[in-house]
Amino acid sequence: MAEKRDYYEVLGLQKGASADEIKGAYRKAALKWHPDRWVSGTDAEKKTAEANFKEASEAYSVLSDPDKKAKYDQFGFAGVDGAGAQDWSQGFGNLNDILNNLFGGAFSGFGFGGGDGGFGFGGFGQQGPRQQRGRDIRTRVKLTLEEIATGCEKDVTIERNRPCQECGGKGTKNSSDIKTCPTCKGSGQVQNIVNSLFGRTVSYSVCPQCSGTGKVVSNPCRKCNGTGVTRVKETIKIKIPAGVENGMQINARGEGHAAPQNGINGDLLVIVEEQPHSQLKREGVNLFYTRVISVTDAMLGCEITVPCLDGPYKLKLDPGTQSGYVERLRGKGLPSVNGYGSSRGDLYVKVLVWIPRKLSKSEKEAIEAIRDSSSFKPDPSREDRQLFEKESKYF
């Protein structure tokens with residue numbers, strides 16, 4: 001199965017794009033890939049258009065919702081839990097309806113519906129100079145269950161590009177040395193024209209001389225060689241929300257590499273690495289603990305100490321506690337990273353009874369004396385069997 005692409009990448013956007021930019025990018029994708037536009041194409045072209053339209057629609061459904069977008073920006077796909085997925089089994093809907101719903105009827109006159117409507121796309125390729133974006137940085141942070149339970153701040157040390165101190169990030173000390181790119185005349189793009197039997201095709205690509213900025217430096221800074229950035233080692237604080245899980249990714253916006261010539265900073269992507277707990281096991285928001293007690297404690301009852309994340313908890317076991325018995329401590333688990341309010345998972349305590357392998361002569365005689373007592377005959381009630389069958393799935 002192909003790896004899912006980043007939603008911003010699908011729509012051709014930078015992270016931090018505004019609502020209008022997201023809507024505009026989806027408009028372009030819908031105009032280009034809606035199956036109504038490809039009814040006369042080959043089977044392969046139809047299949048590609050359908051897949052691309054689904055991908056763009058899923059990206060828009062997440063990024064156009066402020067709450068989903070915020071979770072996606074911070075946790076990636078784990079934060080939305082498939083919230084962008086939709087049921088496409090009933091078809092795609094008419095392109096006129098989709099665009100009218102998005103843009104208030106602005107497209108009612110274009111007549112999309114699978115016919116031969118002649119809407120041109122040539123103007124969408126030409127854009128102005130682009131602002132460069134720094135690369136993202138990925139790193140890992142180790143967390144204990146105690147830190148995950150409450151959330152925390154962690155110091156992360158990274159090496160990253162920062163604006164050059166000598167030239168202020170411009171790439172040159174003198175602003176007069178920044179010239180308009182002679183290749184693209186400051187547009188940031190170059191035009192490519194291909195003539196064929198089917199007519200002329202016009203496309204645009206990033207200018208190779210200025211990398212799309214529209215500017216070139218004639219007298220580069222000696223310290224940064226005209227890039228506007230230098231490498232530094234820094235320590236920053238990252239806020240970790242409560243309830244994160246192993247492998248989750250936390251996005252620290254703008255904390256990645258700086259871009260050349262004062263462009264847009266990349267992001268710092270912090271991957272959670274959960275450290276194993278010495279006594280507790282985790283499954284989602286629930287925790288599990290196994291405690292072994294003696295036969296006499298099981299028969300007479302006892303009090304045990306359970307290691308909870310918020311401190312030790314005293315648990316009283318009744319006389320006659322059976323091996324395999326599970327006690328549920330509500331709210332002693334972990335919070336959900338996508339949850340609301342104060343809801344938490346539970347802690348399940350499983351009790352196992354230890355049977356001694358060797359007995360002294362006097363101990364054997366004492367046990368023999370009570371072997372035939374009715375109290376020591378195994379006859380678990382139906383309720384006990386149901387309890388064991390119900391709780392055994394947790395361990």
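**Helix packing and strand pairing**

Author: Helices α2 and α3 are roughly antiparallel to each other (under 35 degrees counts as roughly parallel, over 145 as roughly antiparallel, 65 to 115 as roughly perpendicular, the rest as oblique). The model is predicted, so local features need pLDDT of at least 70 and side-chain atom pairs pLDDT 80 or more, while totals for chains, interfaces and linings use all residues. Residues are numbered from 1 along each chain as its sequence is written, and side-chain values use heavy atoms, without hydrogens and water.

Reader: At what angle do the axes of α2 and α3 cross, and within what distance do they come?

Author: Axes are lines fitted to C-alpha atoms, for helices over the stretch in contact, with angles from 0 to 180 degrees between N-to-C directions. Here α2 (residues 19-33) and α3 (residues 43-63) have axes that come within 9 Å and cross at roughly 165 degrees. Their crossing is left-handed (the near helix is turned anticlockwise from the far one by less than a right angle; clockwise would be right-handed).

Reader: Which residues of α2 and α3 meet?

Author: Contact means heavy atoms within 4.5 Å. From α2, Ile 22, Lys 23, Tyr 26, Ala 29, Ala 30 and Trp 33 take part. Their counterparts in α3 include Phe 53, Ala 56, Tyr 60 and Leu 63. By class, this contact has 10 nonpolar, three polar and one charged residues (Ala, Val, Leu, Ile, Met, Phe, Trp, Tyr, Cys and Pro are nonpolar, Asp, Glu, Lys and Arg charged, the others, Gly among them, polar).

Reader: How many helices and strands are there in the protein?

Author: Both are DSSP runs numbered from the N terminus (helices H or I, at least four residues; strands E, at least two). The protein has 10 helices and 15 strands.

Reader: What is the strand order in the open sheet of three strands?

Author: Strands pair if DSSP finds at least two bridges between them. The order is β1-β9-β8, with mixed pairing. β1 (137-143) and β8 (249-252) are at the edges with a single partner strand each, so one side of each has no neighbour in the sheet. β8 and β9 (residues 268-274) run antiparallel and are joined by four bridges, with Ala 252 opposite Leu 268.

Reader: Is strand β12 mostly covered or uncovered?

Author: Five of the seven residues in β12 (residues 302-308) are buried, so the strand is mostly covered (buried means under 20% relative accessible area, exposed over 50%, partly exposed in between; 1.4 Å probe, protein chains only). A hairpin of two residues joins β12 to β13. Seven bridges link β12 with β13 (residues 311-317), and the two run antiparallel; Ile 304 is opposite Leu 315.
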